[in-house]
Amino acid sequence: MAVEQHVTYCRICEALCGMIATVEDGRLQSLRPDPDNPLSRGRACPKGVAFADIQNDTDRVLAPLRRRADGTFEQVSWDDALDDIAGRLTRIVAEHGGSAVGQYFGNPIAFGYATGLWSGMFLTRLGGHHQYSSGSQDINSRFVASKLLYGAASQIPFPDLPRTDFLFMLGANPLVSHGSAVRSPRIRDDLSAITRRGGRVVVVDPRRTETARAYEHLPVRPDSDAWLLLSMLQVIFSEDLADTDALIAQTTGWQTLRHIAAGFPPEDTQPRTGVDAEVLRGIARDFATAGSAVAYGRTGACLGRHGTLVSFLLDALSIVTGNLDREGGMLFSQAVIPLEDMGEKAGRLTYNSARSRIGDLPEVISTYPAALIAEEIITPGDGQLRALFVTAGNPVLTVPNGPMLEKALDELDLLVSLDLYVNETNRHADYVLPATTFLERHDVPYSFANCSPTVFIQAAEPVFAPYGQARNEWEVFDELARRMGLSLFAAGPLERFNAVLHWLDRHGIGRITPRRLVELLMRIGPYGDRFGLRRKGINPRKLKANPHGIVLAEHARTGIRAAAVRQPESKVVLAPEEILTEVCSLGDRHPDDPDFPLMAIGMREMRSQNSWMHNSPTLMKGNRRHRARIHPADAAAAGLSEGATVRITSPHGAIETEVHITDEMSPGTVAIPHGWGHQGGWQLANRAGGANVNELTSNDAADLERLAGMSVLNGVAVRIEPIADLLSR
Ligand SMILES: Nc1nc2c(c(=O)[nH]1)N[C@H]1C(S)=C(S)[C@@H](COP(=O)(O)OP(=O)(O)OC[C@H]3O[C@@H](n4cnc5c(=O)[nH]c(N)nc54)[C@H](O)[C@@H]3O)O[C@H]1N2
Ligand SMILES: Nc1nc2c(c(=O)[nH]1)N[C@H]1C(S)=C(S)[C@@H](COP(=O)(O)OP(=O)(O)OC[C@H]3O[C@@H](n4cnc5c(=O)[nH]c(N)nc54)[C@H](O)[C@@H]3O)O[C@H]1N2
Ligand code: SF4
Ligand SMILES: [Mo]
């Protein structure tokens, strides 16, 4: 039997590490790191290697499943499933209009270009507005900050890790997460290189994380970063450390920003942040006077009550100190495949162009807060959500108030999911349709891969044919449209490409597929071969000939503000009204409540990936359990011992899990991983126990972050009690 080696790359997280797949007779034998990938150079994490468990999992869904009345599933043919879904959708649209149809797409969608495009066109074609994603639990606040600053939601500036002298990192733990919104597969090396060349890495985090431990840790109270950052700006402006020349050349509104920051000297914010005023002054000064410096934040910056403001202020810190768009500072992201540019140019990456039916919250790139899905389903009236597609998502575990969402899903007229597994969400679906894994499809990096200090491109061909009856998601939407008699290209994001698409059609180049579109964009993009006009440019053939990928530039470009910023005169806007209002409202809602004395935050674990890798025997080795981490002093106060089973209660719900007592936590703070408490078709995951932390978080529209409608997942007020105490009461 032929054993083959295939070069590919991992698409579980944003590092996109190069991998080698060993394949025998069309089945995956194993995965190992690719030593010849120019960026990851033989590195991968345990999840990347253990993906072989997922690929070959006997619990994986490999045929369309239809739910019976008793809640169990039966296998059906694709034809039966698609005919029935198309028919039911047609009836729902006829009776209630397209606005009754919606979709939620989960995190894995961000790692392939095809699904988001085609499912988006499908929904647009039906006239649906109910679009939701994991973004409202992850990064939408970052998108809104970018929209306000740069006029472009897709512009996510990133730290020039290889050249910076000072990395100020807030709310990120890349030694575990492997980097998000910055692509650096060897981020451990990149960070240690900073200190080795005499620079600094300061990590602002309530928990002494793996990253904080390796560098300088600045513990902070959860959800107080806005105050901390305003104080840093106050110090920088008041001590004349701002780069006025850069501010005049690159920005508008900086004097207003200086004025509002003046109200937040470090002495005033210390009680809220827990950070010593002199220490913070020192860091602000050192940041401002470093040869180059950059502020970077991720989920710990995005998921609090002021996530948009915090993301905004982080960028402001780099900008005010003259570190925007220059070596060692904060670089503008730039696409190799200008997919987002297409959206920006078409004016489709919108913000606040419409408000949600429930809660009156703004749309962010055509999506609404996923926390609203439950209410949108159960609230009657015009635009009530009646049919939902869930693609590569598990919102029952990842969106606030999972229990309410779970109940609401049963009220839908139609729930269809495209996934690898029966998970906690789609076990309520009418149909679970088997999707391909990343090894079974073609991909090129885009989106967050644009945040790469080294400009790089790689294309991955499918390693083998889809297992069982698995199908690419985009083909499912294509096929549904066909069965409903709809043309996907009549409306939506590809409308402006109609001329090109028709040209392709007329010249017999054939059916419009996502791959054709992406390859077209690659060729006309900034590094493309322009169909032969630029001999050194890239094209699909060159990528095929270089399967490990091609380094297009050692360093990402600087001096590109004019192209990156979509504001008048290409100037960054430092005092948008939304931000001024947000600063004025700081302190409206004080978190301290004696009934809930502790603050819960999230954390990521090396051998988990949100909710979906707990069925891998390799990753679950050693009897892994779900545990909440708590400081010894808080444990003693609550009468908890190591490993005790506890009840954690918030104003919105209660869960039971185990505790781990560790002084890596700041006093008053509890860290609880998300994505546990399984009850799906993944048997090992079900046996692992644990609880869904999103039973503690709120889906009340009034509790969502105001500017982006973000779920507030960090800084959740809780109390902890030992279960034994509760039983003896
Ligand atoms: N409390 C709390 N909640 C959180 C967070 C937190 O920090 N704290 N983090 C949030 C963040 S950052 C995120 S990104 C979200 C994630 O939220 P979701 O995206 O809703 O959840 P995942 O656990 O990533 O589930 C992904 C699903 O996709 C399936 N899947 C995997 N690969 C593929 C594929 O190629 N195709 C298809 N069709 N399906 C696939 C998996 O089987 C799984 O069912 O969770 C958020 N929720
Ligand atoms: N191993 C592993 N890797 C992953 C994932 C995974 O589940 N497992 N998920 C992937 C996904 S979907 C994403 S979005 C990325 C996320 O990537 P990161 O954001 O780098 O990941 P986290 O580990 O959640 O880091 C967030 C940090 O913020 C801190 N924090 C919480 N609240 C606050 C606060 O109020 N202020 C400050 N300053 N810090 C706070 C937390 O203690 C935590 O250390 O990781 C990706 N990579
Ligand atoms: S860090 Fe791990 S999960 Fe992320 S891309 Fe690399 S191998 Fe995959
Ligand atoms: Mo995420």
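Here is a walk through the aromatic pairs and nonpolar cores of this predicted model.

Residues are numbered from 1 along each chain as its sequence is written, chains are lettered from A and ligands numbered from 1 in the order in which they are written, and side-chain values use heavy atoms, with hydrogens and water left out. As the model is predicted, local features need pLDDT of at least 70 and side-chain atom pairs count only at pLDDT 80 or more, while totals for chains, interfaces and linings use all residues.

Let's start with the rings. Searching the whole structure turns up 11 aromatic pairs; rings of Phe, Tyr and Trp (its six-membered ring) pair if their centres lie within 6.5 Å, with planes under 30 degrees apart counted as stacked, over 60 as edge-to-face and the rest as tilted. Take Phe168 and Phe287: their ring centres are 6.1 Å apart and their planes sit at 75°, so this pair is edge-to-face. Phe168 belongs to strand β9 (residues 166–170) and Phe287 to helix α12 (residues 277–289), so the pair ties together parts that are 119 residues apart in sequence. Helices (H or I, at least four residues) and strands (E, at least two) are DSSP runs, numbered from the N terminus. Phe168 and Phe287 are both buried, meaning under 20% relative accessible area, whereas exposed is over 50% and partly exposed in between (1.4 Å probe, protein chains only).

Now look at Tyr421 and Trp682, whose ring centres are 4.9 Å apart with planes at 40°, so the pair is tilted. This pair links distant parts of the chain, 261 residues apart: Tyr421 is in the loop between β18 (414–419) and β19 (431–434), and Trp682 in the loop between β27 (669–671) and α27 (683–687). Both of these residues, Tyr421 and Trp682, are buried. Elsewhere, ring pairs join Phe51, Phe438 and Trp612 into a cluster.

On to the cores. A nonpolar core is a set of buried Ala, Val, Leu, Ile, Met, Phe, Trp, Tyr and Cys residues joined through side-chain atoms within 4.5 Å. The largest one has 142 residues, and Phe168 turns up again among those with the most contacts inside it, as does Phe389. Helix α8 (residues 225–238) supplies the largest share of this core, 10 residues. Phe389 touches residues including Ile85, Phe122, Leu418 and Phe477, leaving aside residues up to four places away in sequence; contact here means heavy atoms within 4.5 Å. Trp682 also returns, in a second, separate core of 24 residues that includes Leu439, Val463 and Ala685.
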